[in-house]
Each structure stands twice: as C-alpha cells, then as structure tokens.
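Subject: Structure handover

Hello,

Here is the structure I promised to pass on. Please open it beside this email and follow along.

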Amino acid sequence: MRETASLLLDPDAETPTPERLEILHLTLTGMVHVAIPEIEVASGKLPANDIPRACALACVGEARMRLRLPSAETFERQLVLTKKLARSVRALADHCQTLGCAS
C-alpha cells in the first residue's frame with residue numbers, strides 16, 4: 001500500500017500519464033475498500049475511549065469521504081484528488097500496522 005502511494009507522494013515522484021493516473025486511482029480506491037473493514041474490526045477490539053481507536057476511525061471517515069469525491073474534469077484536478085486518496089492509503093496502512101490488522 002505504501003509503495004503504491006509513494007508513486008504519487010514521494011518528493012521525486014514523476015507525474016504519471018493520464019492512463020497511469022487512472023490505474024493508480026483505481027488501485028488506491030481498491031486498497032481503501034480493503035483496509036477500511038480491517039481497521040474497523042481491529043478498532044472494535046479496543047475500548048471506546050482508546051486514542052489509537054479514535055484516530056483510526058477518524059482516518060476511516062476521511063478515507064470514505066475521499067471515496068465519495070467525483071472524478072475531476074481536468075488531469076491536474078484528478079492528480080490532486082488521487083494524491084489525496086494516496087495520503088489516505090498511507091494513513092490507513094499506518095493504522096493497520098498500529099492496530100495489528102489481519103493483512
């Protein structure tokens with residue numbers, strides 16, 4: 001997950017072609033759809049007032065919001081939206097590691 005996100009987020013990352021950007025967007029979207037339920041299950045095992053639990057669930061909420069964003073009309077705007085999704089993927093991966101998700 002982190003490697004895919006880094007294709008867009010690393011400081012020296014090259015700007016993808018429109019076709020590659022579409023593939024990255026779809027890949028990142030799939031990763032979010034897989035990570036969210038795993039984080040919810042792992043978070044559910046923690047006390048309701050647990051700070052890592054609250055942080056992970058806030059990240060899940062933000063990731064869901066980003067999934068609802070419509071595709072952009074321009075390449076530049078789609079690149080911005082896909083980078084936001086990549087940031088969510090990176091954060092979800094961090095929460096999975098912290099919470100000990102299954103995969």
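Below are my notes on the helix packing and the core. One caution before the details: this is a predicted model.

**Helices α1 and α2**

Start with α1, residues 2–9, and α2, residues 18–44. Their axes lie 10 Å apart. The packing angle is about 140 degrees. Angles over 145 degrees would count as roughly antiparallel. The crossing of α1 past α2 is left-handed.

Which residues of α1 and α2 make the contact? From α1 come T4, A5, L7 and L8. From α2 come R20, L21, L24, T27, L28 and M31. Sorted by class, this contact has 7 nonpolar residues, 2 polar and 1 charged.

Now look at burial in α1. T4, A5, S6, L8 and L9 are its buried residues. They pack against α2 and also against α4.

**Helices α3 and α4**

Next, move to α3, residues 51–68, and α4, residues 75–99. The axes of α3 and α4 come within 10 Å. They cross at roughly 155 degrees. That angle is over the 145-degree cut-off, so α3 and α4 are roughly antiparallel. Here too, the crossing is left-handed, with α3 passing α4.

On the α3 side, the contact is made by C55, A56, C59, V60, A63, R66 and L67. On the α4 side, the residues are K84, L85, R87, S88, A91, L92, H95 and L99. By class, the α3–α4 contact has 10 nonpolar, 2 polar and 3 charged residues.

**The core**

How many residues are in the largest nonpolar core? It has 24. Those with the most contacts inside this core are L8, L28, V32, I39, A86, V89 and L92. Helices α1, α2, α3 and α4 each supply at least two of the core residues. Which helix gives the most? That is α2, with 9 residues.

Two of these names have come up already. L8 is a buried residue of α1, and L8 also takes part in the contact with α2. L92 belongs to the α4 side of the contact with α3.

Take a second look at L92. Set aside its neighbours within four places in sequence. L92 is then in contact with M1, V32, A35, I39, C59, V60 and A63. Of these, C59, V60 and A63 are part of the α3 contact with α4. V32 and I39 are listed among the core residues with the most contacts.

Best wishes

How values were computed: Residues numbered from 1 in each chain as written. Predicted model: local features only at pLDDT ≥ 70, side-chain atom pairs only at ≥ 80, totals over all residues. Heavy atoms only, no water. Axes fitted to C-alpha atoms, helices over the stretch in contact; angles between N-to-C directions. Helix = DSSP H or I, 4+ residues; strand = E, 2+ residues; numbered from the N terminus. Left-handed = near helix turned anticlockwise from the far one by under 90°. Contact = heavy atoms within 4.5 Å. Nonpolar A, V, L, I, M, F, W, Y, C, P; charged D, E, K, R; others polar. Core = buried A, V, L, I, M, F, W, Y, C linked by side-chain atoms within 4.5 Å. Buried < 20%, exposed > 50% of the residue type's maximum accessible area, 1.4 Å probe, protein only. Parallel < 35°, antiparallel > 145°, perpendicular 65-115°, else oblique.
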